Amino acid sequence: MKAMFGMVSLLVVLAIVGLLAARQLKTAAPSVAPGASAAAAAGLSTSGIATGGTVREQSQQIQQKVKDDVAKALEQGAAARKDTPEQ
């Protein structure tokens with residue numbers, strides 16, 4: 001009897017945790033409009049990136065934009081470091 005009560009209790013707890021997890025996942029899932037790109041879903045700015053083309057082309061364009069942005073940021077950091085006097 002004790003074992004049966006233990007098994008039933010575990011099943012009830014498992015069901016409750018499963019329902020709570022499903023509810024949490026539904027509310028936490030980002031809502032993306034149909035036809036939106038993966039970059040927009042990830043919250044990346046897609047300015048200057050063509051929305052047409054294959055996924056591979058879009059991926060390469062996004063990668064190139066990130067590389068360009070990183071290079072620009074490094075250049076700005078180097079310029080700012082040159083402008084500040086050393087102590």
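How many of the 27 residues of helix 1 are buried? The number is 0, so helix 1 lies largely in the open; buried here means under 20% relative accessible area, exposed means over 50%, and partly exposed covers what is in between (1.4 Å probe, protein chains only).

Before going further, a word on the model. It is a predicted one, in which local features need pLDDT of at least 70 and side-chain atom pairs count only at pLDDT 80 or more, while totals for chains, interfaces and linings use all residues. Residues are numbered from 1 along each chain as its sequence is written, and side-chain values use heavy atoms, leaving out hydrogens and water. The average pLDDT (the predictor's confidence in each residue, from 0 to 100) is 82, and 71% of the residues score at least 70.

Now let's walk along the chain. The protein has 3 helices and 0 strands, giving the pattern α-α-α when read along the sequence. Helices (H or I, at least four residues) and strands (E, at least two) are DSSP runs numbered from the N terminus. Among these elements, helix 1 has the highest mean pLDDT (93), and helix 2 (residues 38-41) the lowest (58).

Helix 1 spans 39 Å from its first C-alpha to its last, close to the 39 Å expected, where the expectation is 1.5 Å times one less than the number of residues. On the surface, Met4, Val8, Val12, Ile16 and Leu20 form a nonpolar patch with about 470 Å² of accessible area together. One of these, leucine 20, lies in helix 1 (residues 2-28). Patches are built from residues with over 30% relative accessible area and no salt bridge, joining like charges within 9 Å and nonpolar side chains (Val, Leu, Ile, Met, Phe, Trp, Tyr) within 5 Å.

What about the protein as a whole? Of its 87 residues, 3% count as buried. The protein exposes about 7900 Å², with carbon and sulfur atoms supplying 64%; such areas come from the Shrake-Rupley method with a 1.4 Å probe, and for residues only the protein chains shown count as cover.

Finally, a search of the whole structure finds 1 salt bridge, meaning a side-chain nitrogen of Lys or Arg within 4 Å of a carboxyl oxygen of Asp or Glu. The side chains of aspartate 69 and lysine 65 meet in it at 3.1 Å, N to O. These two residues are 4 apart in helix 3 (residues 55-83), so about one helical turn separates them. Aspartate 69 is partly exposed at 41% relative accessible area, and lysine 65 is also partly exposed, at 22%.
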